[in-house]
Amino acid sequence: GLGVVHSCAHALGTVAGMHHGLANGVMIDHALPHNLAGSAKKFVRMAQVVGLESSDPKAFIDWLRAFKANVGLPATLTDAGVKRELVPKLVEVATADGCHANNPLACASADFQSIFEGAF
């Protein structure tokens with residue numbers, strides 16, 4: 001299944017007109033930390049797959065941020081030109097999106113609020 005990142009990307013496409021691939025790229029390191037508590041071992045495994053030797057589940061998120069910078073993806077929603085006043089509508093659309101239904105951890109409106117706010 002997909003998950004919280006795709007729900008955020010669908011909202012950005014719908015509300016801000018952002019290209020789906022770009023939206024996923026911008027949001028991945030902001031949305032995935034929501035899943036750390038429920039799937040820390042998967043994050044360690046992803047870190048190993050990309051060549052990291054760390055047993056810290058956050059190492060993969062750090063790697064993602066460095067990767068994004070290396071390939072020139074915007075680090076934040078501000079960098080991508082999204083206006084903060086869109087957050088309530090982004091939260092509404094992401095919450096209604098079906099992709100997060102099979103996310104490792106449940107993701108309610110308050111979680112999406114935190115994710116989007118943190119992405120600025």
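These legends go with a set of close-up views of a predicted model.

Since the model is predicted, local features need pLDDT of at least 70 and side-chain atom pairs count only at pLDDT 80 or more, while totals for chains, interfaces and linings use all residues. Residues are numbered from 1 along each chain as its sequence is written, and side-chain values use heavy atoms, with hydrogens and water left out.

**View 1. Helix α1 crosses helix α2.**
Here are α1 (residues 4-16) and α2 (residues 20-31), whose axes come within 8 Å and cross at roughly 135°. Helices are DSSP runs of H or I with at least four residues, numbered from the N terminus. Axes are lines fitted to C-alpha atoms over the stretch in contact, and angles run from 0 to 180 degrees between N-to-C directions. That angle is why α1 and α2 are called oblique to each other; under 35 degrees would be roughly parallel, over 145 roughly antiparallel, 65 to 115 roughly perpendicular, and the rest is oblique. The crossing is right-handed, a label for a near helix turned clockwise from the far one by less than a right angle, with left-handed being anticlockwise. On the α1 side, look for Val-4, Val-5, His-6, Cys-8, Ala-9, His-10 and Leu-12; on the α2 side, they meet His-20, Ala-23, Asn-24, Met-27, Ile-28 and Ala-31. Contact here is heavy atoms within 4.5 Å. Sorted by class, the residues of this α1 and α2 contact are 9 nonpolar, 4 polar and no charged. Nonpolar covers Ala, Val, Leu, Ile, Met, Phe, Trp, Tyr, Cys and Pro; charged covers Asp, Glu, Lys and Arg; the others, Gly among them, are polar.

**View 2. Helix α2 packs against helix α4.**
Gly-25, Val-26, Ile-28, Asp-29 and His-30 from α2 meet Ile-61, Leu-64, Arg-65 and Lys-68 from α4. The residues of this contact split into 4 nonpolar, 2 polar and 3 charged. Within α2, the buried residues include Ala-23, Asn-24, Gly-25, Val-26 and Met-27, where buried is under 20% relative accessible area, exposed is over 50%, and partly exposed is in between (1.4 Å probe, protein chains only). The buried residues of α2 pack against α1, α4 and α6.

**View 3. Asp-29 pairs with Lys-68.**
Zoom in on the salt bridge between Asp-29 and Lys-68, where the closest N and O atoms are 2.5 Å apart. A salt bridge is a side-chain nitrogen of Lys or Arg within 4 Å of a carboxyl oxygen of Asp or Glu, and by this rule the count comes to 4. Asp-29 sits in α2 and Lys-68 in α4 (residues 59-71), so the pair ties together parts 39 residues apart in sequence. Both Asp-29 and Lys-68 are buried. Arg-65 joins Asp-29 and Lys-68 in a network of salt bridges.

**View 4. Arg-84 pairs with Glu-117.**
In this salt bridge, the closest N and O atoms are 2.6 Å apart. Arg-84 is in the loop between α4 and α5 (87-96) and Glu-117 is in α6 (residues 109-118), so the pair ties together parts 33 residues apart in sequence. Arg-84 counts as partly exposed at 41% relative accessibility, and Glu-117 is partly exposed at 31%.

Glu-92 is partly exposed at 48% relative accessibility, as is Lys-89 at 40%.

**View 5. Helix α1 meets helix α6.**
These two pack at an angle of about 70°, with their axes 12 Å apart, and are therefore roughly perpendicular. Val-4, Ser-7, Cys-8, Ala-11 and Leu-12 in α1 meet Phe-112, Ile-115 and Phe-116 in α6. By class, that contact has 7 nonpolar, 1 polar and no charged residues.
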